[in-house]
Amino acid sequence: MKMSVLALLLLGLVGAASAKPWWMHGVESNQNDFLDPDVAFRVGAAVDGNVVRVRWVIADGYYLYRHKIEIKAESPDLVVSTPLLPAGALKTDPYLGTQEIFRQQVEATATFTRVDAGAHPMEIKVTYQGCADAGLCYPPITKVLMPEHAAAAAAPAPHPWEGVAILGGGFAFLCAGLLLRKGRKLDLPAA
Amino acid sequence: MNTSGLRIGAAALLVVVGIWAGARIHFHRVSTQNPPGVVSVPAGVASAPNPSDLALPAPKIPDRLPQFSLEDRTGKATSIASFEGKSLIINFWATWCAPCRSEIPLLERLHAEWVGRGVSVVGIAVDYRDKVLEFADRFKIGYPLLIGEQDALDAAAAFGVETPVFPFTVFTDRRGEVVALFIGELHKPQADLILSEVENLNSGRVQLPAARRAIEEGLWALKSPGTG
């Protein structure tokens, strides 16, 4: 009983610590109410044939504006088409009117050509802009990405225990063989 | 059961366990990788151990109102020091930012309500000058506006906001002490709470640490769904 009371107290303390208001963090602002833009909007890119695909993963309570998304060539030998985006959800704002937005995740695709057959590493420049439902907007973010090759991206890294499993399986098989073999005489054909 | 039977059983068990372990690891690996064709997105700082590491960087807020000058609506360079002796509600905003636009009616009301008590709203638009002037005319913004691009970003940085986000609002008392920096859309209950502490500071009823503590506790109490 005493232990459970202590545990509850500890839990309460931990809860109180994590729920500490901004002032008690020694921070004179409520910046903890909002995510860092690179956490709110995570972005990655991959190349699949002559198509580059850029994907954003958007935190709950945050959104990206469809018309603010841009994909441009960064490497000098690259030509990228206007990106294709799915239709967004409609958001009506009393000041900005109706806008298309994306929540959770979105993938843009664009075709590309390379004029000097890949002498430069492939780099694209992506721009996006979004806000938080709680009432905060981030200025447009521009990032230069080096898209992964889709085949390389699809090839999974070996699981760290896979080697152990293979060796263990071999060892188990050897043990099984030894167990079955034990006590039997060699039955060689007569010379 | 004879010895040979036991041996066969043990060997079979070993083989079955080996196959099970291998299969388990293989399927775990398959289930944790992206389905084919899905672009992998880096985790960023999402693996940070402390949730506050995921938040906006903490602004290094100055104790006192920093000095800076920006152009007003007529193009005249105006120093923030020209508001000396007044408590200020300094609101950083941009025309493209929906929450900034939606808090403007509140800022208008606050300015009208508090101007007689030595409090002034100062809007700092971080945006293109022509867009701001057009917007200010259309929405009949009555409080003073300062406008700038990089120079306005520098002013935001002077308040410790290095990663610009909009809107954010700084409250100072009449001595120029920075009382609070509120990030995100301001609502009336939060504004009233902070301003009542600014008033307490101005009248000497409280000292800055007590005012800040009261603001912190009050904002925490207001934090419920719908109040931001």
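## Burial and contacts in chain B

In this predicted model, 33% of the 228 residues of chain B count as buried. Of the chain B contacts between residues at least 6 apart in sequence, 65% join residues at least 24 apart.

Chain B contains 6 helices and 7 strands. Read from the N terminus, its elements follow the order α-β-β-β-α-β-α-β-α-β-β-α-α.

Strand S6 of chain B spans residues 168-172 and is mostly covered, with 5 of its 5 residues buried. Phe168(B), Val170(B) and Thr172(B) point one way from the strand, while Thr169(B) and Phe171(B) point the other way. The residues of both groups are buried.

S6(B) pairs with two strands, described here in turn. Strand S3 of chain B, residues 87-93, runs antiparallel to S6(B) and is joined to it by 4 bridges. In this pairing Ile90(B) stands opposite Val170(B), one of the buried residues of S6(B). Strand S7 of chain B, residues 178-183, also pairs with S6(B) in the antiparallel sense, over 5 bridges. Here Thr172(B) stands opposite Val178(B) of S7(B).

S6(B) and S7(B) form a hairpin with 5 residues between the two strands. Gly176(B) lies in the turn and has a positive phi of about 85 degrees.

## Nonpolar core

The largest nonpolar core has 87 residues. Those with the most contacts inside this core are Leu64(A), Ile124(B), Ala125(B), Phe166(B) and Ile194(B), a list that includes residues of chain A and of chain B.

For Ile124(B), leaving out residues up to four places away in sequence, the residues touched are Leu70(B), Ile90(B), Asn91(B), Phe92(B), Leu146(B), Ala152(B) and Ala155(B). Among them, Ile90(B) is the residue that stands opposite Val170(B) in S6(B). Ile90(B), Asn91(B) and Phe92(B) fall within the range 87-93 of strand S3 of chain B.

## A three-stranded sheet in chain A

Chain A has an open sheet of 3 strands in the order S4-S9-S12, with antiparallel pairing. Strand S4 (70-73) and strand S12 (141-145) of chain A are its edge strands, and each pairs on one side only. Neighbouring strands of this sheet are turned by 20 degrees against each other on average, direction ignored.

S4(A) pairs with strand S9 of chain A, residues 124-128, in the antiparallel sense over 4 bridges. Within this pair, Ala73(A) has Ile124(A) in S9(A) as its bridge partner.

How values were computed: Residues are numbered from 1 along each chain as its sequence is written. Chains are lettered from A and ligands numbered from 1 in the order in which they are written. This is a predicted model: local features need pLDDT of at least 70, side-chain atom pairs count only at pLDDT 80 or more; totals for chains, interfaces and linings use all residues. A residue is buried if 20 or more other C-beta atoms lie within 10 Å of its own, exposed if 12 or fewer, and partly exposed in between; C-beta atoms are placed from the backbone. Two residues are in contact if their C-beta atoms, placed from the backbone, lie within 7 Å. Two strands pair if DSSP finds at least two bridges between them. Axes are lines fitted to C-alpha atoms, for helices over the stretch in contact, and angles run from 0 to 180 degrees between N-to-C directions. A nonpolar core is a set of buried Ala, Val, Leu, Ile, Met, Phe, Trp, Tyr and Cys residues joined through C-beta atoms within 7 Å.
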